[in-house]
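Here are a few exercises to work through with the structure open beside you. Try each task before reading its solution.

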Amino acid sequence: MKNFKNLSVVTQIFIFVVEKRVIMSNFVNVTLEDLRRPVSEELSQFEKYFSQSIEVSDPYVRGILAIVFRKRGKQLRPLLTLLSAALHAKPTHRSLVAATLIELMHTASLVHDDVIDEAYHRRGEFSANALFRGKKSVLIGDFILARMMKIMSSEAGPELLAATSRVVEQLCEGELLQMEHVEMLSNDRESYERIIRGKTGVLLGLCSEAGALSVGANAEQCNTMRQFGEQLGIAFQIKDDLLDYSKTEITGKFSCNDIIEQKITLPMIYLLNNCDSGERRKVLRMLSRVKRNPENAQILRQMVEESGGLNYATECMCEIRDKALTLLDSYPQSTVKDALIGFSDFILTRDK
């Protein structure tokens, strides 16, 4: 493997892509607006439906929900759901329902995650956990899940209901598996992929599958789209793990949150698999003491970079993304298919 240690992660991606002769289409400089264009009308309808879906009469609960939903990020999951629907047919009301269910599920999982991780910031602002503390935050997450279940029971239909219920279970399994490995201070490539498939892969898989289901796509198409989304989700999470080794916009320092939380992600796995037993013991010892000795995080980050762990994770991410795109080969060329290809490029080249 070539030495790209002095290059940024984004630069590494494009060098790798060019050398592997992966076709990047016309989306090297893709923007979120480009991706939204084929389903812009449906996204507007989704925003209206979503706002209606979280309306409550009680002013106290309404105020809490307004805070939780005040900053909803890039809305990538509703976008993927609607693009998947549009790949097969004109999106319907059920497509809006599917996108809403997934957005509610995702938000509830973030609220619960912040309690589990004792996180006090989310998207540059105070998290629900910081504002309302653990007990109330758990109830907020539960309330959002309950609202999701209410919509599912009345508007989703049996197939979408079954798919959504399956993913809620898988998300919980993924979190429990990660907690187990943090407690044991262990991980390997196979376990890591199981964790990130359960944490992120299955949710993007549901986006793609639910979009197809919402417009009556056949079982084979729904299965293909589920696999497409899962592969994108795994690549998405590897990108997140790589970003944890980059500098933050706020402090200009390396984040290293995963290291501080003693999560062994793919770059660290590469380091552990490519050092001798003595060095491995040293790495694990430093990781076990990182909360008492925060300076260990920066030392470990540098060791991972020098080992080639970031390059390795970048290559794995690109390979997984390319496997996902092969699943679209059976679909004819269209602006929606182009947007899905662009979507995969966008999530790999984002900087936050």
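Buried means under 20% relative accessible area, exposed over 50%, and partly exposed in between (1.4 Å probe, protein chains only). The model is predicted, so local features need pLDDT of at least 70 and side-chain atom pairs count only at pLDDT 80 or more, while totals for chains, interfaces and linings use all residues. Residues are numbered from 1 along each chain as its sequence is written, and side-chain values use heavy atoms, with hydrogens and water left out.

**Exercise 1. Find Arg281 and decide whether Arg281 is buried or exposed.**

Start with the helix: Arg281 lies in H13, residues 277–288. (Helices are DSSP runs of H or I with at least four residues, numbered from the N terminus.) Next, take the relative accessible area, which is 53%, so Arg281 is exposed. Finally, look at the surroundings: Arg281 gathers with Lys282, Arg285, Arg289 and Arg292 in a surface patch of positive charge. Such a patch takes residues with over 30% relative accessible area and no salt bridge, like charges being joined within 9 Å.

**Exercise 2. Compare the span of H16 with the expected one, then see how many of its residues are buried.**

First, the span: H16 covers residues 335–349 and reaches 21 Å from its first C-alpha to its last, close to the 21 Å expected. The expected value is 1.5 Å times one less than the number of residues. Second, the burial: 12 of the 15 residues are buried, so H16 is largely enclosed by the rest of the structure. Among them are Leu340, Phe343 and Asp345. Third, take Phe346 in this helix: with 12% relative accessibility, Phe346 counts as buried. Phe346 and Thr31 are 315 residues apart in sequence, yet their C-alpha atoms are 7.5 Å apart in space.

**Exercise 3. Which residue forms a salt bridge with Asp345, and which helices does the pair tie together?**

A salt bridge needs a side-chain nitrogen of Lys or Arg within 4 Å of a carboxyl oxygen of Asp or Glu. The partner is Arg321, with the closest N and O atoms 2.0 Å apart. Asp345 lies in H16 and Arg321 in H15 (residues 309–326), so the pair ties together parts that are 24 residues apart in sequence. Both Asp345 and Arg321 are buried. Arg321 also meets Asp322 in a salt bridge, at 3.0 Å from N to O.

**Exercise 4. How many salt bridges does the whole structure hold?**

The search finds 11. One of them joins Arg197 and Glu230, at 3.5 Å between the closest N and O atoms. Arg197 is partly exposed at 28%, whereas Glu230 is buried at 11%.

Definitions and conventions
Patch = residues over 30% accessible without salt bridge, like charges linked within 9 Å, V, L, I, M, F, W, Y side chains within 5 Å. Areas by Shrake-Rupley, 256 points an atom, 1.4 Å probe, with all protein chains shown as cover. Lys, Arg positive; Asp, Glu negative; His and termini not counted. Charge placed at Lys NZ, Arg CZ, Asp CG, Glu CD. Helix = DSSP H or I, 4+ residues; strand = E, 2+ residues; numbered from the N terminus.
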